Every structure is written in structure tokens, then in C-alpha cells.
Amino acid sequence: VEVPEVYDAIEGEGAVLDLPISLQVLSRGRYGLYQVHHGRPIPYALDDPTPTSLEENALGKMVLGMERSSVDTTPPRLPTLDLALARAGLQRRGYAAVIVHTTAYPPRMRDRVVELLDVALGSGTRHGDALLYSVD
């Protein structure tokens, strides 16, 4: 299995949050394989369908909500203060990066998640089939 090039572009120290979250647990196991390459902490475990640390973070909750919803659009106004606090929460938990594996999402869902992350974390940078967002 080839490890996506995006991991080599992460700057600084810290954990990685790979998206989508809502992949089946065994499909999400690829994140563990990638972790062997990049050596950074990840929030996922094979026996943990949804990491508690993500359910407790406003950004994590919003991403989970979008992934579990059939609604095709983002809300007309995103809660920017909540998202700023969620970013700070990820920083406190030691996250360095959020990576969106774009081909793992249906197109409309990917677009909603990317729009949310662009507001919360600034624009991501494309590396192959992935978008890299810095949490710092």
C-alpha cells in the first residue's frame, strides 16, 4: 500500500487527524498503516468507532454531523467563534494537522467538509488526492 505524499508535507510536531471519520472501522484502518510511516499520534483505534476526543470538539462534532447527514449544503452561517475555539482545542490536544482524503468522500460531502475546514483552519494545501490543513 502506498502512503500518500501529504504526510511528508506536515510541519512541526503533533498528532494527525485523518478525514473522513465515518469510514467503516476496518476501512479506517488505513490511517493506522499511514501512521507507521509518519510516526505521529492519531486518534483512531480499530475498536473505537468514533474517538471521544473528536465528539468533544466542536469541529469534530460538525464534521461528524456533516458526514452522517444527507443535507447537501452547509449552514448559511457557520459558528466562527465555536470553530475558533475548536481549533484552539485541537491545538491543546496536540494536533498539528488535519488531512482530508478527498477521494474517500462523495463529492458533495467532501465539498461541505472542505468549506467548513477552510473557515475553521484556513485554506488547505493540495498534495495528490489529499488536502492538508495546519492546526497551528
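In which sense do β3 and strand β4 pair, and over how many bridges? They pair in the antiparallel sense, over three bridges. Please keep in mind as you read that this is a predicted model.

**The sheet**

Let's start with the sheet that holds this pair. Four strands make up an open sheet, and their order is β1-β2-β4-β3, with mixed pairing. The edges are taken by β1 and β3 (125-127); each has a single partner strand, so one side of each is left without a neighbour in the sheet. From one strand to the next, the twist averages 25°.

Two of the pairings can be set side by side:

| Strand pair | Sense | Bridges | A residue and its bridge partner |
|---|---|---|---|
| β1 and β2 (residues 95-101) | parallel | five bridges | Asp18 with Ile99 in β2 |
| β3 and β4 (residues 130-134) | antiparallel | three bridges | Thr125 with Leu132 in β4 |

**The cavity**

The structure holds one cavity of 30 Å³ or more, and about 50 Å³ of space lies in the largest cavity. Leu17 and Leu19 are among its lining residues, together with Leu54, Asn57, Leu59, Gly60, Val63, Leu90, Val98 and Leu117. By type, the lining divides into eight nonpolar residues, two polar and no charged.

Which elements each supply at least two residues of this lining? They are β1 (15-19) and α4 (58-67). The largest share, three residues, comes from α4.

**Helix α2**

Now to a helix. In α2 (residues 30-38), the buried residues include Tyr31, Tyr34 and His38. Why do these three lie on the same side of α2? They cover an arc of only 60° around the axis, which puts them on the same side of the helix. The general rule behind such spacing is that an α-helix has 3.6 residues a turn, so residues three or four places apart point the same way. Just after α2 comes Gly39, which takes a positive phi of about 70°.

Technical notes. Residues are numbered from 1 along each chain as its sequence is written. This is a predicted model: local features need pLDDT of at least 70, side-chain atom pairs count only at pLDDT 80 or more; totals for chains, interfaces and linings use all residues. Side-chain values use heavy atoms; hydrogens and water are left out. On a 1 Å grid over the protein atoms alone, a cavity is a set of points where a 1.4 Å probe fits but cannot get out, and a pocket is an open set with protein on both sides within 12 Å along at least five of seven lines; lining residues have an atom within 4 Å of a point. Grid points are joined across faces, edges and corners, and a volume is the space filled by probe spheres set on the points. Ala, Val, Leu, Ile, Met, Phe, Trp, Tyr, Cys and Pro count as nonpolar, Asp, Glu, Lys and Arg as charged, and the others, Gly among them, as polar. Buried means under 20% relative accessible area, exposed over 50%, partly exposed in between (1.4 Å probe, protein chains only). The arc is that of the directions from the helix axis to the C-beta atoms. Two strands pair if DSSP finds at least two bridges between them. Axes are lines fitted to C-alpha atoms, for helices over the stretch in contact, and angles run from 0 to 180 degrees between N-to-C directions.
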